[in-house]
Amino acid sequence: VGLLEAAAREGVEVMVLTNGGSKPSAMTGARYRNLGLAISDDRVISSRDALIEGIAGADGPIGVIDAECALPDDGQPNDGRPDDSQYVQLDPSRPDQWLAMARIVFFGATAWTLEWQECLIRAMEAGIPVHIANPDVAAPHEGVFSFEPGYWTAAILDRLPEAEVHWYGKPHRPIFDLAIRRLEAVTGRTGWDQTRIAMVGDTLHTDILGGNAA
């Protein structure tokens, strides 16, 4: 809270980057405000946002992984559904459904099972492009670590190194590029000196590596 208040006094813009992809950014913004943090929805950039922007205008059906994921056409702010695309909630009991997709998007792995993993393996073997919002391999929760999309995808890439995979969250470039464009949009200023933009984070291989690379 002190950091945000000091930034506001000095006119320093603060944007929040998150690799969480299962929920729309508006829900993340609301959660921050419930914690007493003055962060508006347009200051939250998620790997979900970067992925949706990255496939905007894509043709054909788009399969969505994660049974508990909100589909991108749920009407929440920051979710621009491509007009000529169709999002389909994938079902691990229907592997034929996966093979009919033009591409597959992996927002989160909250309900992941080996049945889901087998379907993803078969889709990647068939050459279907996979777009990964959250490249994290694990995330801390109370008393446990969860396995995230990066973990499950990397396990397949060990076997299928030529598979077509696109990454959007930290430490990859798309989410940082989107953050700069959002910064320009909310401030009305362009031409930001990126050496004067600080990345604050607690993880070397996502926050720090990603910020330095960007």
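At 0% relative accessibility, Thr153 counts as buried, a class defined by under 20% relative accessible area with a 1.4 Å probe and protein chains only. The model is predicted, so that local features need pLDDT of at least 70 and side-chain atom pairs count only at pLDDT 80 or more, whereas totals for chains, interfaces and linings use all residues. Residues are numbered from 1 along each chain as its sequence is written, and side-chain values use heavy atoms, with hydrogens and water left out.

Thr153 lies in helix 6 (residues 149–157), where helices are DSSP runs of H or I with at least four residues and strands are runs of E with at least two, numbered from the N terminus. Apart from neighbours within four places in sequence, Thr153 is in contact with Phe106, Met124, Ile132, Val165 and Trp167, contact meaning heavy atoms within 4.5 Å.

Helix 6 packs against helix 5 (residues 114–125) at an angle of about 50°, the axes being 11 Å apart; axes are lines fitted to C-alpha atoms over the stretch in contact, and angles run from 0 to 180 degrees between N-to-C directions. Helix 5 and helix 6 are therefore oblique to each other, given that angles under 35 degrees count as roughly parallel, over 145 as roughly antiparallel, 65 to 115 as roughly perpendicular and the rest as oblique. Gln117, Leu120, Ile121 and Met124 of helix 5 make the contact with Trp152, Thr153, Ala155, Ile156 and Leu157 of helix 6.

Note on methods
Buried means under 20% relative accessible area, exposed over 50%, partly exposed in between (1.4 Å probe, protein chains only).
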